[in-house]
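Welcome! Here is a short tour for anyone opening this structure for the first time. Please take a look at it before reading on.

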Amino acid sequence: MMIPTLILTAHGTRDPHGRAMVQRIARDVRLALPHVEVRLAYVDVQKPAVADVLDRVAAEGRRAVVVPLLLSAGVHVHRDIAEAAEGRPGVAVADALGPDDRLARIVVDRLLEAQPEADSHLVLAPAGSSDPSSQRDARDMASRVAHLLGTRVDHGCVAGPDVSVADAVADARRRDPDRAVTVLSYLLAPGFFQHRLEAAYPGIVTAPIGAHPALIEIVVERYRAAAEGLGAPQPADTAGVA
């Protein structure tokens, strides 16, 4: 019985730096799972679409685990990926990457790299979603980051119907106008939303999650759990991540 193919499914972006980051994440996943075939797919903007990659894997007689390279289980997981995988034997869909304490630690790492002013207001900035579960995930992640830092962390979305980053930043400034505001990017990679954050806020905006070793660890864990659900053989222990 063959080890299932891992279909790493990202949102997609026109930004060359964002595309390079997703390729780097895929490379690091391959290094961590040297006996697993890893293919990239997308739910928007880029090709191949996840349904097309699933078609090719099925034509080769292989099973597959779709791992969403998405920070929360919003519309793209519940609709796009779920519909692409529906009714396909030998296909499992793994959980989204978050919420997860390891993602909170990455956000804190990015904050430390940015070296903000001491005692800044902090606003966690996910992309945003119309999906209520994704909105709950954003609040959950803000709470996890706040717990790690021992301070208040608000949240505001770059887009969507939930509280906006602009509103969250304005509220923080009203509470204490003498304190700086640092926006904590809760985005996977450079792209439209990251550029929008950086252009809109003159203060510090942290770097996106990126190809952090802890992110690769989460991807591997999600793959293994879903593959086990298929009754598939487990790949060998992970190798080091470059």
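Let us begin with strand β7, residues 181-186, in what is a predicted model. Six of the six residues of β7 are buried, so the strand is largely enclosed by the rest of the structure.

- β7 belongs to an open sheet of three strands, ordered β6-β5-β7, with parallel pairing.
- At the edges of this sheet are β6 (154-155) and β7, each of which pairs on one side only.
- Strand β5 (residues 121-126) runs parallel to β7 and is joined to it by six bridges. One place to look is Ala 125, whose bridge partner in β7 is Ser 185.
- Two bridges link β5 and β6, again in the parallel sense. Here, Leu 124 has His 155 in β6 as its bridge partner.
- Helix α6 (residues 165-175) lies across β5, β6 and β7, and runs at about 175 degrees to β5.

**The four-stranded sheet**

- Another open sheet is formed by four strands in the order β2-β1-β3-β4, with parallel pairing.
- β2 (38-42) and β4 (91-93) stand at the edges with a single partner strand each, so one side of each is left without a neighbour in the sheet.
- On average, and ignoring direction, neighbouring strands of this sheet are turned by 25 degrees against each other.
- Helix α2 (residues 50-59) packs on the sheet and touches β1 (5-10), β2, β3 and β4. The direction of α2 makes about 145 degrees with that of β2.
- Strand β3 (residues 64-68) is joined to β4 by three bridges, and the two run parallel. Val 66 stands opposite Val 93 in β4.

**A closer look at β1**

- β1 is mostly covered, as six of its six residues are buried.
- Which residues of β1 point one way, and which the other way? Thr 5, Ile 7 and Thr 9 point one way, Leu 6, Leu 8 and Ala 10 the other, and all are buried.
- β1 pairs with β3 over five bridges in the parallel sense, and five bridges also join β1 to β2, which run parallel.
- Thr 9 is a handy landmark: it stands opposite Pro 68 in β3, and its bridge partner in β2 is Ala 41.

**The largest pocket**

- The largest pocket has a volume of about 980 Å³.
- Its lining is made up of 41 residues, and those nearest its centre are His 11, Leu 70, His 76, Ala 127 and Phe 193.
- The elements giving two or more residues to this lining are α1 (16-32), α3 (75-85), α5 (132-149) and α7 (192-200).

**The aromatic pair**

- How many aromatic pairs does a search of the whole structure find? The search finds one.
- The rings of Phe 192 and Phe 193 have centres 5.5 Å apart and planes at 55 degrees, so the pair is tilted.
- Phe 192 is exposed, with a relative accessible area of 58%, whereas Phe 193 counts as partly exposed at 27% relative accessibility.
- Phe 193 also links this topic to the previous one, being among the residues that lie nearest the centre of the largest pocket.

Terms used. Residues numbered from 1 in each chain as written. Predicted model: local features only at pLDDT ≥ 70, side-chain atom pairs only at ≥ 80, totals over all residues. Heavy atoms only, no water. Phe/Tyr/Trp six-rings, centres within 6.5 Å; stacked < 30°, edge-to-face > 60°. Buried < 20%, exposed > 50% of the residue type's maximum accessible area, 1.4 Å probe, protein only. Pairing = 2+ DSSP bridges. Axes fitted to C-alpha atoms, helices over the stretch in contact; angles between N-to-C directions. Contact = heavy atoms within 4.5 Å. 1 Å grid on protein atoms, 1.4 Å probe; cavity = no way out; pocket = protein on both sides within 12 Å on 5 of 7 lines; lining within 4 Å. Points joined across faces, edges and corners; volume = space filled by probe spheres on them.
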